[in-house]
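Trainee: I would like to learn how to read a protein model feature by feature. Could we take it slowly, with the general idea before each case?

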Amino acid sequence: MDLVRSLGADEVLDYKTPDGVALKSPSGRKYDVIIHCAHNIPWSTFSANLTPKGKVVDTTPGFGTLMSVAAKKISCSKKQLIPLFTSPKKENLDFLVNLVRDGKLKPIIDSKHPLSKAEDAWAKSIDGHATGKILVEP
């Protein structure tokens, strides 16, 4: 939680608490934007905590996300669920490298593993509790 605060988040929720699970704001306010980085959280959890024109950016979209996006469009709701899909294009990667080089983007590294221990990196990734990226180095 301290890491997320240090990156500039206005509020941080602890998903291990009942209020965090419900996405309930510690200050009682509604959110303009929620960056959604987890799996299996229903739209209703987000919707109740958004401002009337609030947005949820889903960084791990799956089939359920796409169905919710379609339902939101049909209902003409002003609240939005935005699936974030990425594609590793050279110009996009160059842009990110420049942001890191200029100090505008700080990559967070959870751990580094030699290639000979790639299975340890994989196990940590599957666990789902890494704080940052897991690197495998040659």
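This is a predicted model: local features need pLDDT of at least 70, side-chain atom pairs count only at pLDDT 80 or more; totals for chains, interfaces and linings use all residues.

Trainee: Let us begin with salt bridges, then. How many salt bridges does the count come to?

Mentor: The general idea is that side chains of opposite charge can pair when their charged atoms come close. In this structure the count comes to five salt bridges. One of them joins the side chains of Arg-5 and Asp-2, with 3.2 Å from N to O.

Trainee: Where do Arg-5 and Asp-2 lie?

Mentor: Both Arg-5 and Asp-2 belong to helix H1, which covers residues 2-6, and they stand three residues apart, or about one turn of the helix. Arg-5 is partly exposed, its relative accessible area being 43%, whereas Asp-2 is exposed, with a value of 62%.

Trainee: Which salt bridge does Asp-10 form with its side chain?

Mentor: The side chain of Asp-10 meets that of Arg-29 in a salt bridge, at 3.8 Å from N to O. This pair links distant parts of the chain, for Asp-10 sits in the loop between H1 and helix H2 (18-21), while Arg-29 sits in the loop between H2 and strand S1 (31-36), 19 residues apart. Asp-10 is exposed, because its relative accessible area is 68%, and Arg-29 counts as partly exposed at 40%.

Trainee: Which residues are linked with Asp-10 in a network of salt bridges?

Mentor: The network of salt bridges links Asp-10 with Glu-11 and Arg-29.

Trainee: What is the distance between the closest N and O atoms in the salt bridge of Lys-124 with Asp-110?

Mentor: The closest N and O atoms of Lys-124 and Asp-110 are 3.3 Å apart. Here too the pair links distant parts of the chain, with Lys-124 in helix H6 (residues 118-127) and Asp-110 in strand S4 (residues 109-114), 14 residues apart. Lys-124 is partly exposed, with a relative accessible area of 32%, and Asp-110 is partly exposed as well, with 23%.

Trainee: Now let us turn to the domains. Which domains does the assignment give for the chain?

Mentor: The domain assignment gives domain 1, residues 1-83, and domain 2, residues 90-136. Taken over C-alpha atoms, the centres of domain 1 and domain 2 are separated by 24 Å.

Trainee: How should I think about pockets, and what volume does the largest pocket have?

Mentor: As a general idea, rolling a probe the size of a water molecule over the atoms shows where empty space is left. In this model the largest pocket has a volume of about 2500 Å³. It is lined by 48 residues, and those closest to its centre are Val-4, Ile-35, His-36, Cys-37 and Ala-38. The elements that give two or more residues to this lining are H1, H2, S1, helix H3 (43-47) and strand S5 (133-137). The largest share of the lining, six residues, comes from S1.

Trainee: How do the residues of the lining divide into nonpolar, polar and charged?

Mentor: The lining of the largest pocket divides into 26 nonpolar, 12 polar and 10 charged residues.

Trainee: Let us finish with single residues. Is His-36 buried or exposed?

Mentor: A residue counts as buried when its relative accessible area is under 20%. His-36 is therefore buried, with a value of 6%. His-36 has its place in strand S1, and, leaving aside its neighbours within four places in sequence, the residues in contact with it include Ile-41, Phe-46, Val-56 and Thr-60.

Trainee: Is Thr-51 buried or exposed?

Mentor: Thr-51, which lies in strand S2 (residues 50-58), is buried, with a relative accessible area of 17%. Leaving aside its neighbours within four places in sequence, Thr-51 is in contact with Lys-30, Tyr-31, Asp-32 and Lys-79. Thr-51 and Lys-78 are 27 residues apart in sequence, and their C-alpha atoms are 9.6 Å apart in space.

Trainee: What separates the C-alpha atoms of Asp-2 and Asp-19?

Mentor: The C-alpha atoms of Asp-2 and Asp-19 are separated by 18 Å, and the two residues are 17 residues apart along the chain.

Definitions and conventions. Residues are numbered from 1 along each chain as its sequence is written. Side-chain values use heavy atoms; hydrogens and water are left out. A salt bridge is a side-chain nitrogen of Lys or Arg within 4 Å of a carboxyl oxygen of Asp or Glu. Helices (H or I, at least four residues) and strands (E, at least two) are DSSP runs, numbered from the N terminus. Buried means under 20% relative accessible area, exposed over 50%, partly exposed in between (1.4 Å probe, protein chains only). Domain bounds come from an automatic or database domain assignment. On a 1 Å grid over the protein atoms alone, a cavity is a set of points where a 1.4 Å probe fits but cannot get out, and a pocket is an open set with protein on both sides within 12 Å along at least five of seven lines; lining residues have an atom within 4 Å of a point. Grid points are joined across faces, edges and corners, and a volume is the space filled by probe spheres set on the points. Ala, Val, Leu, Ile, Met, Phe, Trp, Tyr, Cys and Pro count as nonpolar, Asp, Glu, Lys and Arg as charged, and the others, Gly among them, as polar. Contact means heavy atoms within 4.5 Å.
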